[in-house]
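The following note is intended for a colleague meeting this structure for the first time. Please read the points with the model in view.

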Amino acid sequence: MRTILVIGIGAGNPDHMTVEAIAALNRADVLFIPDKGAEKAGLRHLREAICRRFIRAPGYRTVAVPIPRRAEAGGDYRGVVDDWHARIAAAYRGLFEAELAEGETGALLVWGDPALYDSTLRVVERVAAAGLALDWQVHPGISSVQVLAARHRIPLNGIGAPVLLTTGRRLAQGFPADQDSVVVMLDGEQAFAKLDPAGLEIFWGAYLGMPDEILLSGPLAETAPLIAQVRAEARARHGWIMDTYLLRRRAVA
Ligand SMILES: C[S@@+](CC[C@H](N)C(=O)[O-])C[C@H]1O[C@@H](n2cnc3c(N)ncnc32)[C@H](O)[C@@H]1O
């Protein structure tokens with residue numbers, strides 16, 4: 001049996017590694033580092049820096065995992081994602097078999113927390129379901145959502161009220177009528193800028209936890225154009241951007 005440790009590493013700040021995550025890193029024989037190409041090279045370097053800083057034994061082994069690109073979603077989003085996950089699972093299975101002997105332990109370093117908008121757990125389940133004898137454990141990490149709330153010094157939910165976590169793709173269909181607090185991730189299209197801003201405020205953060213962190217907040221009507229401009233400039237400067245935001249009805253505050 002091979003063991004896989006799925007380790008949440010925080011969303012860009014190595015200081016957000018938990019003691020449990022550090023202990024897990026130190027138990028692994030092999031560290032699998034996803035490689036998503038040049039655009040995301042900075043994120044790969046951060047994983048490598050985490051290994052250098054926290055792994056005590058010298059000579060630990062890292063293996064790059066080339067992550068296949070997802071096809072354009074078109075109308076069949078779920079079908080395209082399913083096909084993409086199948087290809088990632090095949091890549092992982094090949095590497096687990098080639099790089100881990102029976103009884104050895106591998107680690108997957110997952111951005112933020114593995115439970116939030118990350119498919120590593122689905123992919124590992126898939127590898128096991130396809131017949132590779134695997135045990136796996138999950139070590140939670142600090143999510144970008146937690147860093148967003150901490151930096152803006154806000155709770156995410158109103159008193160005794162729910163908070164919805166969703167994607168830019170979903171928000172593009174409109175602000176959910178039955179929600180007051182909505183956290184949005186994976187928004188490449190700036191869906192916030194297309195909403196009716198009346199009564200909404202936004203708490204936005206980019207590169208959260210990183211040296212170039214940017215925070216903006218205020219009534220959506222005035223803040224959305226500023227975010228769009230700052231976001232475009234930052235994206236051009238870095239070549240990539242990751243941003244997350246809370247939208248909330250003003251009455252909730
Ligand atoms: C594939 S999801 C991974 C989320 C991750 N599992 C987490 O817990 O933060 C990527 C999205 O997370 C958000 N994100 C991740 N890291 C971020 C950061 N450092 N600053 C702002 N947003 C971030 C962005 O919305 C980005 O599009």
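1. Six of the six residues of strand 4 (residues 105–110) are buried, so this strand is largely enclosed by the rest of the structure. Buried means under 20% relative accessible area, exposed over 50%, and partly exposed in between (1.4 Å probe, protein chains only). Strands (E, at least two residues) and helices (H or I, at least four) are DSSP runs, numbered from the N terminus.

2. The model is predicted: local features need pLDDT of at least 70, side-chain atom pairs count only at pLDDT 80 or more, and totals for chains, interfaces and linings use all residues. Residues are numbered from 1 along each chain as its sequence is written, and side-chain values use heavy atoms, with hydrogens and water left out.

3. In a regular strand the side chains alternate between the two faces of the sheet. In strand 4, T105, A107 and L109 point one way and G106, L108 and V110 the other, and all are buried.

4. Strand 4 pairs with strand 1 (residues 2–8) in the parallel sense over six bridges; pairing requires at least two DSSP bridges between two strands. T105 is the bridge partner of T3. Strand 2 (residues 30–35) also runs parallel to strand 4, joined by three bridges, and V30 stands opposite G106.

5. The whole structure holds 10 salt bridges, each a side-chain nitrogen of Lys or Arg within 4 Å of a carboxyl oxygen of Asp or Glu. One of them joins E102 to R2, with the closest N and O atoms 3.4 Å apart. E102 lies in the loop between helix 3 (77–99) and strand 4, and R2 in strand 1, 100 residues apart. E102 counts as exposed at 53% relative accessibility, whereas R2 counts as buried at 11%.
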